[in-house]
Amino acid sequence: MKIHAHALLFDNDGTLVSSLASVDRCWARWATEYGITAEEFARVELHGRPAAEIAADLLPADLVPQAVARIEDLEVDDVPNGGVHLLPGTRAFLDALPAERWAVVTSATRRLAEARLDAVGILPKTLVAADDVTRGKPDPEPYLLAARALGVDPADCVVFEDAPAGLTAGRAAGMTTVALTTTHQAHELQADLVVENLSALSALVTEQGVEISLRG
């Protein structure tokens, strides 16, 4: 199977890097600080969604801005504590791409995203973060904004995601979707292609764009 694209759009956490241990640590502490029970917290979808939406599901509206600032501080402070590491295949796959052909599209704030990316030496030319949009994933706005920033038609973009919310956003944007089973099982992920991680793929840059293929 080969996928042809003019631009590649990557979610960050769970796609390029893993920060699951950090996320679990920080959100557990945050929930305790705000008196949220384990049962209440378990009912909320955490992965792949902006912190503001998660906080809004759990707290009164007047507490949300303060609570969002608090979780951002906790997660940024946790980055030096081994809070993030590259997932298999990330470095090789990104190194094969011209900087103007790809972007990172994350539900994290720009401050948090840049802290995590800097920690593992990834420097995207184009980054779309939670601060840049009015509606986060699963709304298509983040991916449509990234396509516009790269000057590429959404139909010529491929989205790489590990979370159902992000895949929904990619489909709604009219883009081809590739799911990675790094945080969810394959049957939970609806995509044009499902792989274990980026090490399963290769990228060939041509005059027409980028050709993505399964290895082996």
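**Helix α8**

The buried residues of α8 are covered by elements that include α7 (141-150), β7 and β8 (176-180), where contact means heavy atoms within 4.5 Å. Helices (H or I, at least four residues) and strands (E, at least two) are DSSP runs numbered from the N terminus. Helix α8 spans residues 164-172, and its buried residues are Ala165, Gly166, Leu167, Ala169 and Gly170; buried means under 20% relative accessible area, exposed over 50%, and partly exposed in between (1.4 Å probe, protein chains only). After α8 comes Gly174, with a positive phi near 80°.

**Basis of the model**

The model is predicted: local features need pLDDT of at least 70, side-chain atom pairs count only at pLDDT 80 or more, and totals for chains, interfaces and linings use all residues. Residues are numbered from 1 along each chain as its sequence is written, and side-chain values use heavy atoms, with hydrogens and water left out.

**Nonpolar cores**

A nonpolar core is a set of buried Ala, Val, Leu, Ile, Met, Phe, Trp, Tyr and Cys residues joined through side-chain atoms within 4.5 Å. The largest one has 31 residues, of which Leu8, Phe10, Phe93, Phe160, Val178, Leu201 and Ile212 touch the most other members. Helix α6 (residues 110-120) supplies the largest share of this core, four residues. Apart from it lies another core of 19 residues, including Cys26, Val44, Leu59 and Val64.

Beyond its neighbours within four places in sequence, Ile212 is in contact with Met1, Lys2, Ile3, Leu8, Phe93, Val158, Phe160, Leu201 and Ser202.

**Aromatic pairs**

Rings of Phe, Tyr and Trp (its six-membered ring) pair if their centres lie within 6.5 Å; planes under 30 degrees apart count as stacked, over 60 as edge-to-face and the rest as tilted. The count is seven aromatic pairs. Phe10 and Phe160 are stacked, because their ring centres are 4.7 Å apart and their planes at 15°. Phe10 lies in strand β2 (residues 7-10) and Phe160 in strand β7 (residues 157-161), so the pair ties together parts 150 residues apart in sequence.

Phe10 is buried, with a relative accessible area of 0%, and Phe160 is buried with a value of 0%. One aromatic cluster is formed by Phe10, Phe93, Trp102 and Phe160.

**Packing of α4 on α6**

Helix α4 (residues 64-78) packs with α6 at an angle of about 10°, the axes being 9 Å apart. This makes α4 roughly parallel to α6, a class for angles under 35 degrees. Glu72, Asp73, Glu75 and Val76 in α4 meet Arg111, Leu112, Ala115 and Arg116 in α6.

Definitions and conventions: Axes fitted to C-alpha atoms, helices over the stretch in contact; angles between N-to-C directions. Parallel < 35°, antiparallel > 145°, perpendicular 65-115°, else oblique.
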